[in-house]
Protein chains: 2
Amino acid sequence: MGVAATVTDGPKGKPSLVDLTTLVGDDLQAVNAVIIARMQSPVAMIPQLAGHVVAAGGKRLRPMLTLASAQLCGYRGRRHIGLAASVEFIHTATLLHDDVVDDSELRRGLASANAVWGNKASVLVGDFLFSRAFELMVEDGSLEVLRILSRASSVIAEGEVMQLMTANDTGTDEAAYLDVIRAKTAELFAAACEIGAVVADRPAADAAALQSYGSNFGMAFQLVDDLLDYSARQITLGKTIGDDFREGKITLPVVLAYQRGDEDERRFWRRTLEDLDQAPGDLDHAMELLKRHGALADTVAMARHYGDLAVQALATLPAGAERRIMAELVDFCVERAF
Amino acid sequence: MGVAATVTDGPKGKPSLVDLTTLVGDDLQAVNAVIIARMQSPVAMIPQLAGHVVAAGGKRLRPMLTLASAQLCGYRGRRHIGLAASVEFIHTATLLHDDVVDDSELRRGLASANAVWGNKASVLVGDFLFSRAFELMVEDGSLEVLRILSRASSVIAEGEVMQLMTANDTGTDEAAYLDVIRAKTAELFAAACEIGAVVADRPAADAAALQSYGSNFGMAFQLVDDLLDYSARQITLGKTIGDDFREGKITLPVVLAYQRGDEDERRFWRRTLEDLDQAPGDLDHAMELLKRHGALADTVAMARHYGDLAVQALATLPAGAERRIMAELVDFCVERAF
């Protein structure tokens, strides 16, 4: 497909994002231009607050998935640009509402928008970006894309509410945890990939394969993300370590350690995560328990499992640089765990 | 158009909603059924919280506008049902986010959802309903309707942010106040009416006339609503009087009284609305000042002005029971002010 991409190793010989960035770089610049242009409003606080979140950057992982999927499908037009921006707007709106919800103080290493502008503004600017996402889809004009992304949006909201219901509940089991991340994270990854096939007008089987890739990749991504909250590596990513712990969020490492712990340990988890009665040293103790019970290792294993499914889902799609890079991207994200 | 509607006076010989309810009653029952069906989710908290807000009822004014507009345009199909439900979902999502924003404790005479379930759940269930609104539009399949309502949604969010920026700012002038209510209220009224013409496949001039009716009606409606927050009649509507005052919201009555007040009075407004330093008796004093400066009377006059524009906008549309009832509805809402 005419893209000369070479495998470039990351600093430690590990997979990196360099290939993906090379593959979709020009398109991503165009997406960023659309994002900047369409977050404008005569209401000054909107571009200020949205700019804080959007320009802080982030990985732009979800729009890159749309771009790469469209390229993999041999798409040659421009529709994927606006739709990738739409995907990022949905994600940004979710982040804004999530920060309000979680009272987070840091996002991507900077003060979160709600800490600077207040919860009120974060909710409303999130609503604005969400609406803008739909305006972009309407301009594109595909009812199929609108169907995919409006469904994804309501599933994401369901996932966020499920997460709220499992928060501070140490009785949460693995199945409930997986339901939450499938809805709140994997659904948008899946939709971002699927619409790449839709704009390229590919058969339903290709759309389904990309949907499956995105969904399984999203699961792996969130598992690693949840793991990293108990990893010193988080600090190098500009995030506070132990955010989930302090909020009493129930993620897979905790689910496993709780199930495998004795009554003393379970009392510890209930005090810290249910009652949010936390003292200095509790996070260290939590990390020690996670390690003792192999909870981190098993979370990585689960991430690998979903990562493998994601890569396998690509098998029926055209071989080439795009497919190879999308497979390596999964490895890159799973390798973040180390 | 085959609808035999009789003018039925309200209890005190004033206009009532009886005619409108007669006109759209069967359709409204169908809309309510769609609302109940589509707010369901396997995530139990969603129908619980949404049901609290949706079933609490409210006037269903916006979906009734869609139904009446479609009927006025001679529409005979069923598409207006789902779209009216979509309009109500957008409105409900806005209410949920508005309650979070304003820390309201009462909504339609009941505890607001955020007071019962918390801000977190209100934000997320609002997001769910907003997404559901778009799913309903996608099922309808009209890109024109999607264009109108996605645009309305982003304008509403802009209006809510504008309102946030003018809150506690006694320097807000009449023009800024009107910009806020045009965006946060009139836009959805306008869209609700316009889509009635779109489903009926009427010429653009009819859609524009209904859009103008809805927009001007929305202005009148919000002016009266803001007035009522300083009126004892509010209590009979199940709302707390003085909500806006306690939050330091700057509405037209206050804008006028501030501009017309002496330096002592302005100090009073700044202390109570900017510093939110309020003591018992302040609300009474505020109401006394509004009365002294004719601020309430002039707000009613402004509402009448927009109400007249709304009725005039109907002139080019087919005469009949529907048009008469839609005109009377405006009168009913303005008469609420007394």
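User: Into which domains is chain A divided?
Analyst: This is a predicted model, where local features need pLDDT of at least 70, side-chain atom pairs count only at pLDDT 80 or more, and totals for chains, interfaces and linings use all residues. Residues are numbered from 1 along each chain as its sequence is written, while chains are lettered from A and ligands numbered from 1 in the order in which they are written. Domain bounds come from an automatic or database domain assignment. For chain A they give domain 1 (19-141) and domain 2 (154-321).

User: Which helix gives the largest share of the side of domain 1 of chain A that touches domain 2 of chain A?
Analyst: Contact here means C-beta atoms, placed from the backbone, within 7 Å, and 24 residues of domain 1 of chain A are in contact with 23 residues of domain 2 of chain A. Helices are DSSP runs (H or I, at least four residues), numbered from the N terminus. Helix H3 (61-72) and helix H4 (79-102) of chain A each supply at least two residues of that side of domain 1. The largest share, nine residues, comes from H4(A).

Notes. Two residues are in contact if their C-beta atoms, placed from the backbone, lie within 7 Å.
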